[in-house]
Amino acid sequence: NATLNLSGGVLDITDVPIRIHNSSSYNLTTNITDGTIRTPKSFSVYDAFNPVGGTLEFYGSGTNNLLMSDQGSALYDLHVNKPSGLVSCTSQSVKISNDVIIDGGTLGSPDTLYVGGHWTNNAGTYGFYEYTDVVCFYGPGSGDINNEETFYNLVIDKSYASYDGLE
């Protein structure tokens with residue numbers, strides 16, 4: 001059994017992929033409210049994982065996989081910060097409850113990418129591969145698309161009451 005409490009700072013796991021998976025023998029308890037989990041490898045979620053803060057950051061070159069097979073799970077912030085290479089979303093859907101930030105490399109969309117906050121693509125045209133997939137901005141808060149971006153299929157599912165739910 002293990003517990004991860006992260007309320008600030010950086011947890012940099014460099015040598016192995018990260019896998020969130022409870023088994024009949026072992027359980028992981030998380031309390032993530034802030035801070036950054038960094039990896040140059042892949043990140044896979046097979047059981048409930050819902051941090052209320054913090055960032056998952058991909059760095060390094062090459063291809064990384066982001067797998068969220070537990071449909072009830074969500075990352076808080078996703079930061080793609082690679083000099084080159086692809087972060088490939090290999091599950092049908094990936095949910096980011098807050099912001100997506102692409103500073104380098106490329107984020108490859110799953111069938112549906114849910115974004116609860118803001119979208120920032122500082123990597124330009126090749127920073128996001130939308131394929132023929134859906135990006136859905138959802139939730140009760142406002143959201144911004146902070147750069148010019150192309151989405152193949154954009155869905156707005158915001159319950160934000162003001163006129164500027166998504167700008």
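Predicted model: local features only at pLDDT ≥ 70, side-chain atom pairs only at ≥ 80, totals over all residues.
**Lining of the largest cavity**

By class, the residues around the largest cavity are eight nonpolar, four polar and one charged. Of its 13 lining residues, Ile-37, Pro-51, Gly-54, Thr-55 and Leu-56 are the closest to the centre. With a threshold of 30 Å³ or more, the count is one cavity.

Two strands, S3 (28–39) and S5 (55–58), each supply at least two residues of the lining of the largest cavity. Strand S3 gives the most, with three residues. Rolling a probe the size of a water molecule over the atoms shows where empty space is left.

**The four-stranded parallel sheet**

Strands S8, S10, S13 and S14 form an open sheet in the order S8-S10-S13-S14, and the pairing is parallel. The edges are S8 and S14 (153–158), each of which pairs on one side only. Direction ignored, neighbouring strands of this sheet are turned by 15° against each other on average. Strands of a sheet pair through backbone hydrogen bonds, either parallel or antiparallel.

**Bridges between the strands**

Strand S8 (residues 93–96) and strand S10 (residues 112–115) run parallel and are joined by four bridges. Within this pair, Ser-93 stands opposite Thr-112 in S10.

On to the next pair: S10 is joined to strand S13 (residues 134–139) by four bridges, and these two strands run parallel. Leu-113 has Val-135 in S13 as its bridge partner. For Tyr-114, the bridge partner in S13 is Cys-136.

**Asp-15 in its loop**

Asp-15 lies in the loop between strand S1 (2–12) and strand S2 (18–20). Asp-15 counts as exposed because its relative accessibility is 66%, and the cut-off for exposed is over 50%. The side chains of Asp-15 and Thr-14 are joined by a polar contact of 3.2 Å.

Leu-75 is 60 residues from Asp-15 along the chain, and the C-alpha atoms of the two residues are separated by 21 Å.

Key. Residues numbered from 1 in each chain as written. Heavy atoms only, no water. 1 Å grid on protein atoms, 1.4 Å probe; cavity = no way out; pocket = protein on both sides within 12 Å on 5 of 7 lines; lining within 4 Å. Points joined across faces, edges and corners; volume = space filled by probe spheres on them. Nonpolar A, V, L, I, M, F, W, Y, C, P; charged D, E, K, R; others polar. Pairing = 2+ DSSP bridges. Axes fitted to C-alpha atoms, helices over the stretch in contact; angles between N-to-C directions. Buried < 20%, exposed > 50% of the residue type's maximum accessible area, 1.4 Å probe, protein only. Polar contact = N/O pair within 3.5 Å; in protein donor to acceptor, adjacent residues only side chain to side chain.
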